[in-house]
Amino acid sequence: MDKRLLDILCCPVSKVPVRPLQRQELDALNKAIAAGQVQTVAAVAVTAPLTEGLVTTDRKVIYRVEDGIPVMLPEEGIGTLQLTDFPAAA
């Protein structure tokens, strides 16, 4: 993803900046999705694995990236508190 775009993106609700998901974070998220344990903020089940995503720097919300385009809609966010195996902050 373009660094300039990342520099201006933030969570539309909290205004916290975002960063790309690291591989181990993406793997943990996709494992939980495959187990049917993930919902969006709007309580809609997430059924498709993510190939790319952004997470707020406070690690509270994940936004998917589809075809290189961040989906930064508040209701599409995925709260990380529901992810029991989400890696600890580095």
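Okay, hi everyone. Before anything else, keep in mind that what we have here is a predicted model.

Let's begin on the inside. The largest nonpolar core is made of 13 residues. If you want to find the ones with the most contacts inside that core, look for Leu21, Leu29, Val38, Ile62 and Leu83. And which helix gives the most to this core? That's helix H2, residues 23–34, which puts in 4 residues.

Skip its neighbours within four places in sequence, and valine 38 still has contacts with Leu29, Ala32, Ile33, Val44, Ala45, Val46, Ile78, Gln82 and Leu83. Two of the names from the core, Leu29 and Leu83, turn up in that list.

You'll find methionine 72 in the loop between strand E4 (69–70) and strand E5 (78–79). Is methionine 72 buried or exposed? Its relative accessible area is 16%, under the 20% cut-off, so methionine 72 counts as buried. Not counting residues up to four places away in sequence, methionine 72 touches Leu9, Cys10, Cys11, Pro12, Val18, Leu54 and Tyr63. Take Cys10 from that list: methionine 72 and cysteine 10 sit 62 residues apart in sequence, yet their C-alpha atoms are 8.3 Å apart in space.

That brings us to the cysteines. How many disulfides are there in the whole structure? The search finds 0. As for how open they are, cysteine 10 is partly exposed at 27% relative accessible area, while cysteine 11 is buried at 3%.

Next up, the largest pocket. It holds about 190 Å³ of space. The lining has 14 residues, and the closest to the pocket's centre are Val46, Ala48, Leu50, Arg64 and Glu66. Strand E3, residues 61–66, gives the most to that lining, with 3 residues. Split by class, the lining comes out as 8 nonpolar, 2 polar and 4 charged residues.

Alanine 43 isn't a glycine, but its phi is positive, near 65°. Alanine 43 is in the loop between H2 and strand E2 (53–56), and it's exposed, with 51% relative accessibility. Aspartate 67 also has a positive phi without being a glycine, at about 55°. Aspartate 67 lies in the loop between E3 and E4, and at 81% relative accessible area it's exposed.

Last stop, the segment after E5. Threonine 80 is in that segment, and at 8% relative accessibility it's buried. Beyond four places in sequence, threonine 80 contacts Arg59, Lys60, Val61, Ile62 and Phe86. Alanine 89 is in the segment after E5 too, but alanine 89 is exposed, at 56%.

Conventions. Residues are numbered from 1 along each chain as its sequence is written. This is a predicted model: local features need pLDDT of at least 70, side-chain atom pairs count only at pLDDT 80 or more; totals for chains, interfaces and linings use all residues. Side-chain values use heavy atoms; hydrogens and water are left out. A nonpolar core is a set of buried Ala, Val, Leu, Ile, Met, Phe, Trp, Tyr and Cys residues joined through side-chain atoms within 4.5 Å. Buried means under 20% relative accessible area, exposed over 50%, partly exposed in between (1.4 Å probe, protein chains only). Helices (H or I, at least four residues) and strands (E, at least two) are DSSP runs, numbered from the N terminus. Contact means heavy atoms within 4.5 Å. On a 1 Å grid over the protein atoms alone, a cavity is a set of points where a 1.4 Å probe fits but cannot get out, and a pocket is an open set with protein on both sides within 12 Å along at least five of seven lines; lining residues have an atom within 4 Å of a point. Grid points are joined across faces, edges and corners, and a volume is the space filled by probe spheres set on the points. Ala, Val, Leu, Ile, Met, Phe, Trp, Tyr, Cys and Pro count as nonpolar, Asp, Glu, Lys and Arg as charged, and the others, Gly among them, as polar. A disulfide is a pair of cysteine sulfur atoms within 2.5 Å.
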